[in-house]
Structure formats: structure tokens, C-alpha cells
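Below is a plain briefing on one protein chain, grouped by topic. Look over the sequence and the structure first, then read on.

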Amino acid sequence: MGLTTVTSIPFNRTYLAGAEAAYMHQAMTSGPLAGDGPFTKRAHRLLNEVVGSQAALLTTSCTHALEMSAFLLDLQPGDEVVLPSFTFCSTANAYAIRGAVPVFVDCRPDTLNIDERLVEAAITERTKAIVVVHYAGVGCEMDAITEIADRHGLAVIEDNAHGLGGTYRGRSLGALGAMATQSFHETKNVQCGEGGALLFNDVRYFSRAEIVREKGTNRSQFFRGMVDKYRWIDIGSSYLPSELLAAYLTAQLESFPTIQAQRHAVWSAYHAELAEWARDNGVTQPHLPADREHPAHLYYLLLPDLNNRQGLLGHLRERGIHATFHYQPLHSAPAGEKYGRTAPGGCPVTDDVADRLIRLPLFAGMTADELHRVIDAVRAYEVL
Ligand SMILES: Cc1ncc(COP(=O)(O)O)c(C=O)c1O
């Protein structure tokens, strides 16, 4: 009598492009190990090529890139930053720690992105910036948002944690705001465990950014031979990752097309093969406006209600499949209530979708067997 063991399918599994270890070894043996060496510069070039940004600076996380943007916007206590409630806490926290007030706006029911129709009502004379998050790498309504920002003299920052490789009306996500932030956390398409980048489309921010990233010093200028010693010039912090991480990340960025092809295959299989089940069970699949390309960052489903979302999570868990929910609304989170304010009208759509959303396992290197086990298991769930 044989026992069959069913291996579990993780939500995310690290994909190795191949050259990570060799590049890290090269960094270890050739030096330097501190930041801004040859691998960091290579990663900057690769990022600028993918996004079309004017300049890039690797950071220790997307959270830190967002913090840098808060320094660079010169936010003062009491200034306001308009952003979605349906996002990760870092999008708001980065501004709150500078004393600014995050103003939470509801999301659109279709793309789950900040609802551009609600942005104007959130703006006051203290507003300094609008921060957008391209949820699942599907672009926000950037033309409308940019028009509102220009009319009010506000900066637009893209939290592009999900969006590397996505486009909006033919332009890359990350190239649409004055600055954009990337995440290279292990769950992202391209990753180095923990990491990030700040991208610049308005290069006026760049020279101060180098100082903010290097503990408030002009060390970058010193290394380029522009000054004979480096000094404390401005406020800043330590946002520079080591060459070890940059080496790992470079290997991933060089394999971006391969990674993307594999992720898109998984995403498209979910979308096609779950369509009928979704229709029959009142489940909503991701909405993709025709003028946008997504980067297959995540695949989500909206169940009819919280009970069914929890039901499907449990049903998959029993079959060894690790699906997960996503953002919990920021406007009603303890820190959101303490440090932020909610825009007029509240965030009813955010409250609703946060309860109903489930994300399926999606990673480069997912086997056909794993993919079909997930699809079959989802299809076996009957919505109550
Ligand atoms: C929209 C968004 N912004 C920022 C972050 C923070 O990224 P990191 O872990 O690189 O700091 C995340 C994390 O997943 C995120 O989803």
C-alpha cells in the first residue's frame, strides 16, 4: 500500500536567474562591497533601460525609496499627501514619519487603483503631492491625475512596487511621475531579498537625492572627484544597498524578459482557465483597460463576500495551496486613524474589496503540474 504525499504549493518561490552566485562572488572578491560600485551602476543602467527613466538610485527597499521622496519633496509637519487607502502601509508611513498627513482616497471598483474622480476633493492648500500605486501593475488613470496635479502645482509620485514592466498608453509605469519607487522584495518579479530603487523623471531632484541617500553627505560627489572632501550637507539617512545585493539584482534584471515570459504564462492560464468558473460563481477577475499592459505581478480574484473569500482560502489550504489575501484598508488602520485623514466620502470600495480579494500563487518557475493543481482546486470550490 503506497502513500502519496502531495507537496504544497507556496504563494511565492524564489526564482534564480542563474548568474546571482557568480556575480556575488565577483563582488566579494573584486570589491568594493559597500554601495555604488560597478554592480550598482549596472543595475541603474538596466532599470533605466526597462523603464525609460532619466536616472535611478538603488535603495535598501521600496519603503526607503518612498522615505527619500518625502525628504526630496521637503515636506513639513502638517503638509498633506493624497494617496490610496488600498495599499501597503509604507506608501503612507514614509510621509507620516516626516510629519505629513496621509489623506486616504478610495479606489476604483474595476482596477482597484486610486479613484481619480475623488482626488480633487481630497486636495487642500496644505497638499504637496499625489502618490499613486499601480495595483497589480495595472496603470492608474495617469492622464487625469497628472492634469489635476498640474492644475494644483503638486508633484506626482508613483509607488511602482508592482509595476516594473507595465505600461500606460504606451509609456512605462515608473516613467510617469516626477519620481517613482520600485521594490525588489523577494515577492516581486525581480528581487534581491530586500531592495528597492528611486527613479527620476524630473532630474531636478537627483543631486539632492544622492546626498539624502548617503547619510546627508556629498560622498557621491567626492567619489566622482568633484569635491576634495565630503561633509554633512543636508538631512538624510542610510539608503544605499551593498554591492552584494546589487550583484544579485543585476543577474535578475538581466533575465527580466525570461522571468516575465514565465509569469505571463501563469497569469494568462489563470485568466483563461478560471473564466467560466468565475462567471458561474459570481467571482470577478482582474480588469485590464485596453490601453494598459500589466507585468503579471499578481493574480487576484474578487469573491462575492468575505465568507467565500475565507472559504476559498481554507479550501486551497486543505489542498496544500498557499493563497493569500492582500491590503487591509489604511484609513481605518490604527496608525491610519492616528496620523492620517480620510477624504470626503470615505473609502467604501476599499473596505469592500479588501474583504473579498484573494491572490493565487504566481512565480517564475511554477511547474505545469503546480499550475493545474491550483486551477483544478479553485474550480472545485463552489461559491455558497
Ligand atoms: C505598493 C507597495 N509599496 C511599498 C511596498 C514596500 O516595499 P518594500 O518591502 O520593498 O519596502 C510594498 C510591499 O509589498 C507595496 O506593495
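## Briefing

An open sheet of 8 strands runs in the order β1-β9-β8-β5-β4-β2-β3-β12, with mixed pairing. Two strands count as paired if DSSP finds at least two bridges between them. The strands themselves (E, at least two residues) and the helices (H or I, at least four residues) are DSSP runs, numbered from the N terminus. Because β1 (55–59) and β12 (341–342) stand at the edges with a single partner strand each, one side of each has no neighbour in the sheet.

This is a predicted model, in which local features need pLDDT of at least 70 and side-chain atom pairs count only at pLDDT 80 or more, while totals for chains, interfaces and linings use all residues. Residues are numbered from 1 along each chain as its sequence is written.

**The chain as a whole**

- The chain has 14 helices and 13 strands.
- The C-alpha trace spans about 75 × 55 × 35 Å along its principal axes.
- The radius of gyration, taken over C-alpha atoms, is compared here with a globule rule of 2.2 Å times the number of residues to the power 0.38. For 384 residues a compact globule would have a value near 21 Å, and the chain agrees, with 21 Å.
- Of the 384 residues, 49% are buried. A residue is buried if 20 or more other C-beta atoms lie within 10 Å of its own, exposed if 12 or fewer do, and partly exposed in between, with C-beta atoms placed from the backbone.
- Two residues are in contact if their C-beta atoms, placed from the backbone, lie within 7 Å. Among contacts between residues at least 6 apart in sequence, 71% join residues at least 24 apart.

**Inside the sheets**

- Strand β1 is mostly covered, with 4 of its 5 residues buried.
- β2 and β3 pair in the parallel sense over 5 bridges. Here V81 stands opposite P102 in β3.
- A further open sheet has 3 strands in the order β7-β6-β10, with antiparallel pairing. β7 (171–172) and β10 are at its edges with a single partner strand each, so one side of each is left without a neighbour in the sheet.
- β6 and β7 pair in the antiparallel sense over 2 bridges, and Y168 stands opposite R171 in β7.

**Two domains**

- The domain assignment gives domain 1 (20–254) and domain 2 (256–379). Such bounds come from an automatic or database domain assignment.
- The centres of the two domains, taken over C-alpha atoms, are 25 Å apart.
- Domain 1 puts 37 residues into the contact and domain 2 puts in 35 residues.
- On the side of domain 1 that touches domain 2, the elements giving two or more residues are α4 (90–96), β3 (101–105) and β6 (167–168). β3 gives the most, with 5 residues.
- That side of domain 1 divides into 23 nonpolar, 11 polar and 3 charged residues. Ala, Val, Leu, Ile, Met, Phe, Trp, Tyr, Cys and Pro count as nonpolar, Asp, Glu, Lys and Arg as charged, and the others, Gly among them, as polar.

**Around the ligand**

- The ligand is surrounded by 13 residues, and the closest are S61, C62, T63, A161 and S183. A residue is near a molecule if its C-beta atom, placed from the backbone, lies within 6 Å of it.
- The elements that give two or more residues to this shell are α3 and α4.
- By class, the shell has 4 nonpolar, 8 polar and 1 charged residues.

**Backbone exceptions**

- Most residues other than glycine have a negative phi, and most peptide bonds are trans.
- A cis peptide bond joins G31 and P32, with omega about -10°. P32 is in the loop between α1 (20–30) and α2 (38–51).
- D74 has a positive phi, near 60°. It lies in the loop between α3 (62–72) and β2 (80–84), and D74 is exposed because 10 other C-beta atoms are within 10 Å.
- A296 also has a positive phi, near 55°. A296 is in the loop between β10 (292–293) and β11 (299–302), and counts as buried because it has 25 C-beta neighbours inside 10 Å.
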